[in-house]
Amino acid sequence: MSDSTETTTASERAIKQQKPSSLTRSLKTPADEALRLYEHYWPPVEHFEGFDPELTDFMAATPEKQQAILEGLRHDPEAHGRFLHGHLGSIYAHSFGYRDGAFTRHTDDTAEIAQFAAKIALERELFDHWAALGDLPTFTDQTEAANHLDELAATNPGVVHPLFDFIRDEASREQIERFLLCETIRNEVVDDEVALLVVGLQGMMKAVAAANLWDECGRGKLENFHTYWLRRLLEATEDGWNTLDRYRVGHPWFGKLTSNTNAALLTRPARKMMAYGCFLVFESWVEPHFVRILDGMTRVGLLDDEKRIYFTAHVAIDPRHSRELSDGMRMQRPRLAPDEINDIVYGAHLASETGRRQFDRMLGFLRAIPTENAA
Ligand SMILES: [Fe+2]
Ligand SMILES: [Fe+2]
């Protein structure tokens with residue numbers, strides 16, 4: 001009798017791999033503490049209560065009038081950025097489907113058409129005017145492009161931005177606590193961002209994105225959802241849930257640049273490859289940023305592991321996530337066409353530049369917070 005593996009059929013090998021459930025060890029009632037934390041609606045947002053009147057007017061305007069409004073803002077970068085990012089943020093709440101979005105528990109065909117038209121007009125302005133990038137390198141080979149992205153991931157201005165040195169070396173406890181609220185908002189729906197990324201990919205790039213999503217979802221274990229670690233941070237912070245609720249109302253538009261840019265890429269199928277490159281850069285930032293955040297937390301006495309787990313876990317996980325994203329691109333079959341490769345490269349550079357702009361503004365925002373014990 002020959003080795004049994006030689007006689008195994010393709011069907012038998014498929015069944016052998018997939019008959020055991022991926023949930024075998026996790027599909028059981030979690031501990032009481034986890035159940036208690038899962039009583040909170042996530043993301044911890046309030047119900048939609050109507051659009052900002054300015055956005056209502058914009059949605060009601062003709063395309064020509066919308067265009068005139070946007071052109072009229074271009075001379076004023078602050079007003080332009082606030083208009084684009086404030087309103088896109090409201091519209092993207094709808095795209096993610098939670099209760100802070102406009103039509104997430106009922107449909108309204110006429111209003112949704114107006115919202116969609118406004119989304120497209122705002123995104124056109126975002127890409128053609130707000131986020132215009134200079135010349136970028138071009139590639140025809142996916143391996144060369146992946147090597148370039150590894151290099152970009154390690155050297156772009158967002159990696160060791162002074163914001164994170166400020167957090168590590170100077171920020172007061174109050175400033176760090178405020179920054180943790182910003183980070184919670186920035187990361188509260190990353191699992192859905194990754195889920196949107198999966199749609200429309202194929203082959204190894206899809207496998208890599210899906211594996212990342214499975215990690216985000218705790219590989220099926222409720223206590224290891226990455227968002228659960230944010231729940232723990234809020235729970236361990238004095239009046240944390242209410243503090244976030246109050247803070248969110250005034251969360252500045254420039255705290256949403258990277259999230260909005262990512263959503264703009266993720267929600268338009270033609271920009272899916274750009275979203276892949278964007279996400280690769282986001283993942284590569286995590287380790288250098290979170291190491292500095294943890295050092296800053298240590299410096300000001302935020303030592304509770306409940307508050308740190310989101311950051312400590314990601315420091316360990318995300319270098320692998322970003323390597324997998326570039327390896328997925330190298331191994332992709334069918335091989336990527338030059339326009340797809342250059343879309344990925346564009347998305348990565350867009351992420352880098354957008355991150356730099358956001359971190360510049362956040363540094364000014366945090367420095368302006370009055371603190372009792374300024375370091
Ligand atoms: Fe994560
Ligand atoms: Fe990750």
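Helix axes here are lines fitted to C-alpha atoms over the stretch in contact, and angles run from 0 to 180 degrees between N-to-C directions. Helices (H or I, at least four residues) are DSSP runs, numbered from the N terminus. The model is predicted, so to speak of local features requires pLDDT of at least 70 and side-chain atom pairs count only at pLDDT 80 or more, while totals for chains, interfaces and linings use all residues. Residues are numbered from 1 along each chain as its sequence is written, and chains are lettered from A and ligands numbered from 1 in the order in which they are written.

The axes of helix H15 (residues 272-299) and helix H17 (residues 338-367) cross at roughly 45° and come within 6 Å. Residues are in contact if their C-beta atoms, placed from the backbone, lie within 7 Å. On H15 the contact includes Met273, Tyr276, Phe282 and Trp285, and on H17 it includes Glu340, Asp343, Tyr346 and Gly355. The residues of this contact divide into 15 nonpolar, 4 polar and 2 charged, where Ala, Val, Leu, Ile, Met, Phe, Trp, Tyr, Cys and Pro count as nonpolar, Asp, Glu, Lys and Arg as charged, and the others, Gly among them, as polar.

The domain assignment, automatic or from a database, gives domain 1 (53-130) and domain 2 (142-367). Their centres, taken over C-alpha atoms, are 24 Å apart. Across the boundary, 11 residues of domain 1 are in contact with 10 residues of domain 2. H5 supplies the largest share of the domain 1 side, 9 residues.

Terms used: Contact = placed C-beta atoms within 7 Å. Helix = DSSP H or I, 4+ residues; strand = E, 2+ residues; numbered from the N terminus.
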